[in-house]
Amino acid sequence: MSSGTVVKNAGSHRILHALSTRSCTPRELKLIVGAINSVMRFENEYMMRLVNNGLVEKVGFSWALTPSGQIRASELGPVEEKPTGA
């Protein structure tokens, strides 16, 4: 996923889906994805891929979708929950 490609139900899809309803802080997005690294590392490694692909932008202290990000989030649709238990 180094190219920043967003695939259905991946962490990037979860971020786009969350941002499709409202802006979120880096910490909120880190928790949504379940990333265990620091907020700074999460932003520098994870969010920058989405920025470089023109899907998100920083607005003040929060992240928001760009028009391209809104289109991509709409194309992917809602995030499907992972099945629990086995």
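**View 1. Helices α2 and α3 cross.** The axes of α2 and α3 cross at roughly 75 degrees and come within 10 Å; axes here are lines fitted to C-alpha atoms, for helices over the stretch in contact, and angles run from 0 to 180 degrees between N-to-C directions. That makes α2 and α3 roughly perpendicular to each other (angles of 65 to 115 degrees get that label, under 35 is roughly parallel, over 145 roughly antiparallel, and the rest oblique). On the α2 side, look for Pro26, Arg27, Leu29, Lys30 and Val33, which meet Val39, Phe42, Glu43, Tyr46 and Met47 of α3; contact means heavy atoms within 4.5 Å. Sorted by class, this contact has seven nonpolar, no polar and three charged residues. For the classes, Ala, Val, Leu, Ile, Met, Phe, Trp, Tyr, Cys and Pro count as nonpolar, Asp, Glu, Lys and Arg as charged, and the others, Gly among them, as polar.

A word on the model: it is predicted, so local features need pLDDT of at least 70 and side-chain atom pairs count only at pLDDT 80 or more, while totals for chains, interfaces and linings use all residues. Residues are numbered from 1 along each chain as its sequence is written, and side-chain values use heavy atoms, with hydrogens and water left out.

**View 2. The whole chain, for orientation.** Helices (H or I, at least four residues) and strands (E, at least two) are DSSP runs, numbered from the N terminus. Of the 86 residues in the chain, 36% are buried, with buried meaning under 20% relative accessible area, exposed over 50%, and partly exposed in between (1.4 Å probe, protein chains only). Take the contacts between residues at least 6 apart in sequence: 52% of them join residues at least 24 apart.

**View 3. Glu43, a buried residue on α3.** Is Glu43 buried or exposed? Glu43 counts as buried because its relative accessibility is 14%. Leaving aside neighbours within four places in sequence, Glu43 touches Pro26, Met48, Lys58 and Trp63.

**View 4. Helix α1 against α3.** These two helices pack at an angle of about 75 degrees, with their axes 11 Å apart. So α1 and α3, too, are roughly perpendicular to each other. Gly11, Ser12 and Ile15 of α1 make the contact with Phe42, Tyr46, Met47 and Leu50 of α3. The tally by class is five nonpolar, two polar and no charged residues.

**View 5. α1 is mostly covered.** Eight of the nine residues in α1 are buried, namely Gly11, Ser12, His13, Arg14, Ile15, Leu16, Ala18 and Leu19. What does the covering? The cover includes α2 (26-33), α3, β1, β2 and α4.

**View 6. The largest nonpolar core.** This core has 17 residues, and Ile15, Leu16, Leu19, Leu29, Met47, Leu50 and Val56 touch the most other members. At least two core residues come from each of α1 (11-19), α3 (39-52), β2 (62-65) and α4 (67-76). The term covers a set of buried Ala, Val, Leu, Ile, Met, Phe, Trp, Tyr and Cys residues joined through side-chain atoms within 4.5 Å. In soluble globular proteins, nonpolar side chains tend to be buried together. Zoom in on Leu19: beyond its neighbours within four places in sequence, it is in contact with Cys24, Leu29, Val56, Trp63, Ala64 and Leu65.

**View 7. The β1–β2 hairpin.** β1 (residues 56-59) and β2 pair in the antiparallel sense over four bridges; to pair, two strands need at least two bridges found by DSSP. Val59 has Ser62 of β2 as its bridge partner, and Glu57 stands opposite Ala64. Two residues lie between the strands, and Gly60 in the turn has a positive phi of about 65 degrees. In β2, Ser62 and Ala64 point one way and Trp63 and Leu65 the other, and all are buried.

View 8. Asn9 counts as partly exposed because its relative accessibility is 24%.
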